[in-house]
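Subject: A structure for you to explore

Hi there,

Here is the structure I promised to pass on to you. Please open it beside this email, and then read on for what turned up in it.

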Amino acid sequence: MIEPFQFPFMQHAALEIALLAPLAGLLGAQIVLRRLAFFTHSVGAASFPGLVIAGPLGIPPALAALGVGGGFAALLERLSKRAGVAADAATALLLVLALAIGIVLASDVFESGASVDQALFGSLLGIGTSELRFSAAALAAALVAALFFRDTWIATGFDAPSARALGLRAATADLVLVVVIAIAVVASLDAVGSLLVSAIFVVPAATVRLFARSLPQLELGAAGLALVEGIGGLLLAYELDAPPGAAIAVLGGAVFAAAALARALTLPAREPATPEAAG
Amino acid sequence: MSAGKGEKLLEVEGLSAGYRPGVAALSDVTFEAPAGSITAVLGPNGGGKTTLFRALLGETPQRSGTVRVNGAVAYVPQTERARLDFPVSALDVARMGTYAATPWWRPSGRAGRERAEAALERVGLADRAGVRFGELSGGQRQRVLIARALAQDARVLLLDEPLSGVDGPSAERILGVLAELREDGHAMLVSTHDIHQARAFDAVVCLHGSQVAFVPPAELTPELLARTYGGEMIVLDGGERAVVVQHHEH
């Protein structure tokens with residue numbers, strides 16, 4: 001178990017996972033509670049054309065991804081709020097556009113030379129110090145944002161129609177949440193790529209949510225599970241010579257399936273999970 | 001009787017409110033609520049009960065007339081509006097009422113927690129503080145939401161159909177809490193479809209697009225109810241009892 005971590009590339013990969021895991025707990029909890037999973041996935045996918053053009057244009061990939069992902073989030077907000085398009089339809093529309101534009105740019109049209117595989121599925125074994133620094137900065141940003149806004153995120157998610165009557169700065173808090181999620185997603189691109197960000201930010205939190213009875217339980221549990229699944233996936237990839245991003249995603253999916261099955265078998269039917277089903 | 005009883009906490013004069021310019025969803029509302037009072041807000045669905053509350057909270061885009069409030073206004077929604085699947089305890093929910101009073105750059109601390117605990121105690125749920133909101137009964141959830149409003153330190157409470165969807169004993173407990181808050185000098189507006197219940201309160205505001213009446217409950221005559229509800233109501237027992245036919249369920 002220890003032997004693979006003698007290599008610097010494995011140490012870097014493990015360190016990257018250790019930086020992303022707290023983000024998976026802190027932001028993953030908000031993502032599953034606030035139903036932002038599809039949004040998170042689509043910000044990741046939207047960053048793909050940014051990664052493709054970064055090389056030829058000579059801009060840092062993280063910056064390009066952040067620009068395109070941020071632009072995507074802003075456009076999504078406008079489309080769903082102003083144009084009256086349902087949020088999930090708008091997300092799907094922009095998601096398809098982003099992937100298609102990325103593929104066209106990556107083809108001979110732009111001669112970018114970027115590796116589509118790496119952009120889509122990550123390259124955890126090629127993590128360098130600049131990537132680690134960006135992830136550390138993303139973690140710091142998320143921790144600061146949570147310090148100020150975590151209470152408001154929860155109160156707004158719990159009862160959005162009353163947020164204003166409670167005197168909460170819900171709009172500001174929501175904007176900050178979306179921005180730190182976008183930054184965290186970009187930080188995770190080197191590890192898991194545009195298409196697998198959910199493996200970090202959605203799958204562990206969704207798994208722990210089956211059992212968590214409080215927000216701290218959900219946050220700590222999701223962070224811990226992300227760490228275990230990340231390191232486990234890394235070792236699996238090392239042993240099998242498989243892409244690590246995909247290995248983490250497969251491991252996460254398997255753990256979720258097992259957890260959901262265990263919950264269904266050990267516990268009686270859950271209390272009503274929808275607001276409509278109140279008594 | 002507590003100090004300050006009889007002092008006007010809420011004065012509304014010529015209030016009109018709506019969501020689009022030039023279109024008033026509610027107009028000509030004039031009433032007042034003193035400290036230590038419960039005012040029923042009656043009216044058909046779409047009659048303006050929700051619009052009145054939103055206007056008093058400053059949430060309607062269009063508003064004219066004057067609203068004078070002594071202290072803060074807090075809102076108690078129907079419990080079905082909250083997410084029952086959230087991993088938050090009764091105490092967590094009550095604490096949400098204290099977040100705004102905490103400066104936004106400071107996480108809410110011990111003072112907020114103590115205020116929330118006191119509010120839960122006030123509604124008789126101190127022993128349920130650690131229970132998940134979604135696992136409480138409908139009546140208990142309603143009382144937790146009242147505690148959240150109390151934690152806001154508001155003297156004026158707007159309650160949106162607090163008795164709908166709860167069983168008899170739970171409704172009695174909620175009414176007991178409201179009676180205690182009246183003793184404490186709160187002014188409460190309670191939107192309701194229960195005319196029998198409205199008769200037990202201190203005053204009644206009848207809304208049907210505009211204000212039909214602001215009267216003491218004794219003056220809630222069958223004629224007035226008929227004007228308030230239009231064709232949506234059946235009066236029984238020569239006006240002693242009235243049943244509202246609801247077209248619309250939440």
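**The largest pocket**

The largest pocket has a volume of about 820 Å³. Its lining is made of 24 residues, and the ones nearest its centre are L36(A), F39(A), E77(A), K81(A) and V178(A). Two or more lining residues come from each of these elements of chain A: α2 (37–46), α4, α5 (87–106) and α8 (170–192).

**How confident is the model?**

Please keep in mind that this is a predicted model. For chain A the average pLDDT is 87, and 92% of the residues score at least 70. Where in chain A is confidence lowest, and where is it highest? The lowest mean, 80, belongs to helix α4 (residues 61–81) of chain A, while α10(A) has the highest, at 97. There is also a stretch to treat with care: residues 272–279 of chain A have a pLDDT below 50, and this stretch has 13 contacts in the model beyond near neighbours in sequence.

**Salt bridges**

Over all chains, the count comes to 17 salt bridges. Here are some of them.

One salt bridge brings together the side chains of R209(A) and D85(B), at 3.4 Å from N to O. This pair crosses between chains: R209(A) sits in helix α10 (residues 203–209) of chain A, and D85(B) sits in the loop between β5 (73–76) and α2 (90–95) of chain B. Are these two residues buried or exposed? R209(A) has a relative accessible area of 18%, so it is buried. D85(B) counts as buried too, because its relative accessibility is 11%; the cut-off for buried is under 20%.

Another salt bridge joins E7(B) and R155(B), whose closest N and O atoms are 3.5 Å apart. E7(B) lies in the segment before β1 (8–18) of chain B and R155(B) in the loop between α4 (138–151) and β6 (156–160) of chain B, so the pair ties together parts that are 148 residues apart in sequence. E7(B) is partly exposed, at 29% relative accessible area, and R155(B) is partly exposed as well, at 26%.

In R122(B) and E180(B), you can find a further salt bridge, with the closest N and O atoms 2.9 Å apart. It links distant parts of the chain, from R122(B) in helix α3 (residues 110–122) of chain B to E180(B) in helix α5 (residues 168–183) of chain B, 58 residues apart. R122(B) counts as partly exposed at 28% relative accessibility, and so does E180(B) at 39%.

Salt bridges can also share partners: R35(A), R209(A), R83(B) and D85(B) are joined into one network in this way.

Now have a look at strand β8 (residues 203–208) and strand β9 (residues 210–215) of chain B, which run antiparallel and are joined by five bridges. H208(B) stands opposite S210(B) in β9(B). Which residue lies between the two strands of this hairpin? That is G209(B), which takes a positive phi near 80°.

T228(B) is found in helix α7 (residues 222–229) of chain B, and with a relative accessibility of 0% it counts as buried.

Enjoy exploring!

Best wishes

Definitions and conventions:
Residues are numbered from 1 along each chain as its sequence is written. Chains are lettered from A and ligands numbered from 1 in the order in which they are written. Side-chain values use heavy atoms; hydrogens and water are left out. Two strands pair if DSSP finds at least two bridges between them. Helices (H or I, at least four residues) and strands (E, at least two) are DSSP runs, numbered from the N terminus. Buried means under 20% relative accessible area, exposed over 50%, partly exposed in between (1.4 Å probe, protein chains only). A salt bridge is a side-chain nitrogen of Lys or Arg within 4 Å of a carboxyl oxygen of Asp or Glu. pLDDT is the predictor's confidence in each residue, from 0 to 100. Contact means heavy atoms within 4.5 Å. On a 1 Å grid over the protein atoms alone, a cavity is a set of points where a 1.4 Å probe fits but cannot get out, and a pocket is an open set with protein on both sides within 12 Å along at least five of seven lines; lining residues have an atom within 4 Å of a point. Grid points are joined across faces, edges and corners, and a volume is the space filled by probe spheres set on the points.
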